[in-house]
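Open the model in your viewer and get ready to select residues by number. We will go stop by stop.

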Amino acid sequence: MVCVAFAIVLTTRSWSPETLHDIWNPSAGLCPLMLVLFLCWSLACGESRLLPPTALAASFTVQAQLTFLAPTLAALAVGVGGLVLSRGGQARARRVAQSSGDSGESSFAAIWPWTLAALGVLALCWGPPLIQQLESDPGNLSLVARAARANEPKQGPLVGAYAVIRAVGLPPWWLTRPSGPFTRFAEVRTAPNGRAVLSAAALLALMLIMIPVSLRLGWREITTGCLIALLLCLALAADAAATPLDPSLAHSLNYTMWWGSLAGMWVWV
């Protein structure tokens with residue numbers, strides 16, 4: 001808890017001050033995305049009561065800015081998947097206990113109220129966009145999908161790799177103070193130094209090792225935390241690599257990479 005508290009303070013310090021109160025979409029979604037990561041980590045550890053706030057926070061981040069889609073879906077995949085697996089394990093343990101004469105509340109009975117509440121939250125959050133999609137031709141969702149499928153030159157995997165190295169390797173984005181709000185465009189398009197490359201590779205390798213080790217030892221918090229970290233790095237690389245080369249669009253890397261601080265912070269924590 002203490003480690004995370006200090007990490008959050010340092011992460012917010014890595015953004016320009018106006019980012020913390022700006023209503024601009026790429027700014028407004030940063031702290032909610034941070035909340036989504038911790039909510040999904042808790043879900044993966046079996047805390048089903050957090051389904052409704054997770055649905056709310058995730059809906060906000062996805063609708064705020066398209067750059068938050070990949071990390072949100074990555075965290076949700078681990079959170080919901082871990083919750084299902086944890087409930088399955090509890091159900092098996094309960095069946096064993098009942099065969100021995102014990103009784104207990106079913107796993108389904110414990111989770112269904114929170115699931116229904118989360119579905120209600122999703123309906124409220126996504127009702128207006130779906131109505132707009134049905135009433136307009138083309139709707140906003142269709143336009144987003146069309147833009148995502150556009151066949152034009154992209155930044156490519158090398159820029160994606162640079163983004164991950166800048167976020168994780170020494171010195172990571174979350175431990176550096178920006179010289180301005182729009183500096184990451186240049187940073188992800190220039191090769192990092194050897195220290196950054198080696199430190200990023202070492203941390204990612206450590207996570208890959210920790211996943212099977214913690215899984216074997218039953219450390220669910222470590223397993224799911226490492227899975228979220230790895231998927232965040234993949235999402236960050238995908239966001240950077242998929243950015244078009246067109247100069248008018250390429251400069252969006254200045255702000256779509258802001259959430260790289262969160263990815264780096266998560267890896268280090």
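This is a predicted model: local features need pLDDT of at least 70, side-chain atom pairs count only at pLDDT 80 or more; totals for chains, interfaces and linings use all residues.

Select helix H10, residues 194-217.

At 1.5 Å a residue, its 24 residues should span 34 Å. The end C-alpha atoms are 34 Å apart, so the two values agree.

Next, colour the buried residues of H10: Ala 196, Ser 199, Ala 200, Leu 203, Met 207, Ile 211 and Ser 214. What do the buried residues of H10 pack against? Show helix H8 (157-168), helix H11 (220-241) and helix H14 (260-268), and you have the partners. An α-helix has 3.6 residues a turn, so residues three or four places apart point the same way.

Move to helix H3 (residues 30-44) and helix H4 (residues 51-64). Their axes come within 9 Å and cross at roughly 145 degrees. The crossing of H3 and H4 is left-handed. On the H3 side, select contact residues including Leu 35, Val 36 and Leu 39.

Last stop: Val 36, in helix H3. Is Val 36 buried or exposed? Its relative accessibility is 0%, so Val 36 counts as buried. Beyond its neighbours within four places in sequence, Val 36 is in contact with Ala 57, Ala 58, Thr 61, Thr 72 and Ala 75. Finally, pick Ser 252: its C-alpha atom and that of Val 36 are separated by 23 Å. Along the chain, Val 36 and Ser 252 are 216 residues apart.

Conventions
Residues are numbered from 1 along each chain as its sequence is written. Side-chain values use heavy atoms; hydrogens and water are left out. Axes are lines fitted to C-alpha atoms, for helices over the stretch in contact, and angles run from 0 to 180 degrees between N-to-C directions. Helices (H or I, at least four residues) and strands (E, at least two) are DSSP runs, numbered from the N terminus. A crossing is left-handed if the near helix is turned anticlockwise from the far one by less than a right angle, and right-handed if clockwise. Contact means heavy atoms within 4.5 Å. The expected span of a helix is 1.5 Å times one less than its number of residues. Buried means under 20% relative accessible area, exposed over 50%, partly exposed in between (1.4 Å probe, protein chains only).
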